Amino acid sequence: MELTNMVSKSPRRPQRPGTAAVKRDLPPPGLLNSPDQVVKYYQQLGLPMDSSIPIEAIIESNDELDLSFKDLGINDAYIKRIADDRFEIAVNSKHHPNRQRFSMAHEYAHYLLHRGKIDSMSEGERILHRNGDRNSIEYQANTFAAELLMPDVLVRSAFRLSHGNLTKMALELRVSKESLKYRLNDLGYGVT
């Protein structure tokens, strides 16, 4: 009697709480359409979302995205298509790491929200309300980036830990004080 390799499919066991999901069990990250979905998705993959959001790890774990750091002159960042389903996010290497984080989140927002318009976007932009621009696409990307990097739960935690000290909150969340002020006002904290 000849023995053959037999493979049987066992019933799928539910995932234990606190264990990382296997990437193949989750929808493609390009289908995420809210900051909350992004956080939940990457928590399931095991990325820590404790005191700040690991935006660089989020981008680098996506097979459709390449992240680079370049001297972009006066521009903060850009996203461009480099193949059918591949995009490059470039961030100004000369900027402060917290500013780079916001730039990454902003361009990641374009990838999720405005993928069909990326080919018509300029290669390089200034972001975070610095130029007073109220372009709806840029405003959406800024809002998404702020909500992603500063989810309500982390803002409240940073507020408690810092006793409302803006500088300490920004350090905890790894964002600029300027972007934190916008987010706090959006959440109703009334910062001036």
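R81 is partly exposed, at 29% relative accessibility. That class lies between two cut-offs: buried means under 20% relative accessible area and exposed over 50%, with a 1.4 Å probe and protein chains only. This is a predicted model, in which local features need pLDDT of at least 70, side-chain atom pairs count only at pLDDT 80 or more, and totals for chains, interfaces and linings use all residues. Residues are numbered from 1 along each chain as its sequence is written, and side-chain values use heavy atoms, with hydrogens and water left out.

The side chain of R81 forms a salt bridge with that of D119, at 3.0 Å from N to O. R81 sits in strand β2 (residues 77-83), while D119 lies in the loop between α3 (97-113) and α4 (136-149); the two are 38 residues apart, and the pair links distant parts of the chain. Helices (H or I, at least four residues) and strands (E, at least two) are DSSP runs, numbered from the N terminus. D119 counts as exposed, at 55% relative accessibility.

## Other salt bridges

Side chains of opposite charge can pair when their charged atoms come close. The criterion here is a side-chain nitrogen of Lys or Arg within 4 Å of a carboxyl oxygen of Asp or Glu. E88 is buried at 10% relative accessible area. K80 is partly exposed at 26%.

Another joins R156 and D152, whose closest N and O atoms are 3.4 Å apart. R156 is partly exposed, at 39% relative accessibility, and D152 is also classed as partly exposed, at 33%. Both residues lie in helix α5 (residues 152-162), and they are 4 residues apart, so about one helical turn separates them. Elsewhere, salt bridges with shared partners join K70, K80 and E88 into one network.

## The sheet

An open sheet is built from 3 strands in the order β1-β3-β2, with mixed pairing. Strands β1 (65-70) and β2 are at the edges; each has a single partner strand, so one side of each lacks a neighbour in the sheet. Neighbouring strands are turned by 25 degrees against each other on average, direction ignored. Pairing requires that DSSP finds at least two bridges between two strands.

β1 and β3 (residues 86-92) pair in the parallel sense over 6 bridges. F69 has V91 in β3 as its bridge partner. Helix α3 packs on the sheet and touches β1, β2 and β3; its direction makes about 155 degrees with that of β3. Such angles run from 0 to 180 degrees between N-to-C directions, with axes fitted as lines to C-alpha atoms, for helices over the stretch in contact.

## Helix α5

L154, V155, A158 and S162 are buried in α5. Seen down the helix axis, the buried residues fall within an arc of 100 degrees, so they line one face of α5. The arc is taken over the directions from the helix axis to the C-beta atoms. On the face turned away from the buried side, α5 carries the exposed residues V153 and R160.

The cover over the buried residues of α5 includes α6 (166-173) and α7. Just after α5, H163 adopts a positive phi of about 55 degrees.

## Aromatic pairs

The structure holds 4 aromatic pairs. F159 and Y189 form one that is tilted, with 5.2 Å centre to centre and 50 degrees between the planes. F159 is in helix α5 and Y189 in the segment after α7 (177-186), 30 residues apart, so this is a link between distant parts of the chain. Rings of Phe, Tyr and Trp (its six-membered ring) pair if their centres lie within 6.5 Å; planes under 30 degrees apart count as stacked, over 60 as edge-to-face and the rest as tilted.

F159 is partly exposed, with a relative accessible area of 34%. Y189 is partly exposed as well, at 29% relative accessibility. Ring pairs also link F87, Y108 and Y111 into a cluster.

## Whole chain

The protein chain has 7 helices and 3 strands. From the N terminus on, the elements run α-α-β-β-β-α-α-α-α-α. Of its 192 residues, 40% count as buried. Among contacts (heavy atoms within 4.5 Å) with a separation of 6 or more, 52% are between residues 24 or more positions apart.
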